[in-house]
Amino acid sequence: MPSQSQVQHVATVPFGPAMKVERFVLGNGLQLLVLVDPSAPVVCIQTWFGVGSRHEKLKKTGISHLFEHLMFGATGTKPMGAFDRLLEEAGAETNAATFLDWTYYHTNAPKDALELTISLEADRMANLVLNEPEVRREKEVVMNERRQRVEDDVEGAVNERLYKEAFLKHGYGWPTIGWMEDIAGMTTEDCQAFYKTYYAPNNARLVVVGDVNLTELVALVDRYYGPLPSAEIPIEDVHPESPQIEERRVEMRKPTPTQKVAIGYKSPALGDFDHAPLGILNEALFGGRASRVHRALIQQLEIATDVRGWVGAFRDPSLWDISLTARGEHTCEELLEAVEKIFDEVRTIGVTQAEVDRAQARSELGVLQSLETVAGKAEQIGFYDTVLGDPAAQFERLAQLRRVTRGDVLRVARRYLVNTARTMVLVRPDGSDGEGESEETIVDDDESASEAA
């Protein structure tokens, strides 16, 4: 490996039993994470920026997601459409995603398109054109996306309301796509300031996985990224949530044929000791047809058509996000009564060893399946390094999941299934059969949540 003034090798991190991630840092702060995998002549290149919707400010929500669209535009050296066209001609595919803690861009390509991809990614990190026509056009695209995914989608609207009611201070309370009035009010100057602040090499991780020569790759990265200037990244102005001591309950009327319930119990951060056992509890209750809630509400009582649960995997404490969809004329109250009976059981006596074993097996399978492709490996490296600062943290999490005991599950059930710290959205049909405007009311809600709504 050649000695380069701009690149420093800082760590070799074991990635499972047989692979390793090499971490480098450039003089401008860009982190390079490389996993050499010659099993196929392909490569995945991902750029993870340490900015998501949680980093936004009130009245400016949605700018992180807007940038996901803007980044595929023209640069000072390439016209509109050139980024996608050049990569597609090389046999590559590209996409991007934005969420609460991060934004990332990824390209899956043949190995001989590596330099092209690196050069294009470095170009748009430094030379993106942000003029009024480009910003206005992408704002319209995003506003239409919001109409389709939130305002005209029952599940999207309900999930958005659940987080809005659950988080009154923290940035997790506003949607990644942003509030419509904020998107509409975004200016070109807002976008230029955001780009100069957050789209800098010292706020980015470049993850490369696949059939690459490590020495040649480092030289390429130094060549294209080394000259880029760093930026002063502002300290994150986090507003932690105050402890919730009273249930918040919202009722909405939507164009849906059946009633629905969304429940948010406060949950630990991804790096918290309790996150793994709570994940096992969620899997035991909601993971597949053999799970306890599925068997009870769908197969035995036949009062639901869909039951889901997910423990938020975020840097800060978030929600254990639960959704229940009624069958036919069954009501929210019936769903709640049935699921609360199950929650009382797991708080009192816990789950069985067979349920723990099954949940651990399903969780382990999910981890291993996520690593089957170079793109899967790159995504896990980028995600865990961005959120937890460790590119191989997934393997530590796998070890944590394997160590979970029935006692751990009982403990987290009692700690997090707390009704006074939960938020609920009850959804009733508005009688429109899917047509027309919906309406909503707030019931049994505390004063602060009503003000936030």
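The model is a predicted one, where local features need pLDDT of at least 70, side-chain atom pairs count only at pLDDT 80 or more, and totals for chains, interfaces and linings use all residues. Residues are numbered from 1 along each chain as its sequence is written, and side-chain values use heavy atoms, with hydrogens and water left out.

Val208 also turns up in the largest nonpolar core, which has 54 residues; Val208 is among those with the most contacts inside it, along with Phe67, Leu114, Tyr199, Leu206, Val221 and Tyr225. Such a core is a set of buried Ala, Val, Leu, Ile, Met, Phe, Trp, Tyr and Cys residues joined through side-chain atoms within 4.5 Å. Buried means under 20% relative accessible area, exposed over 50%, and partly exposed in between (1.4 Å probe, protein chains only). Helix H8 (residues 214-225) gives the largest share of this core, six residues; helices are DSSP runs of H or I, at least four residues, numbered from the N terminus. A second, separate core has 42 residues, including Val261, Ile280, Leu335 and Leu417.

Arg292 belongs to helix H10 (residues 292-300). Arg292 counts as buried, at 14% relative accessibility, and its contacts include Glu345 and Glu355.

Definitions and conventions:
Helices (H or I, at least four residues) and strands (E, at least two) are DSSP runs, numbered from the N terminus. Contact means heavy atoms within 4.5 Å. Lists of a residue's contacts leave out its neighbours within four places in sequence.
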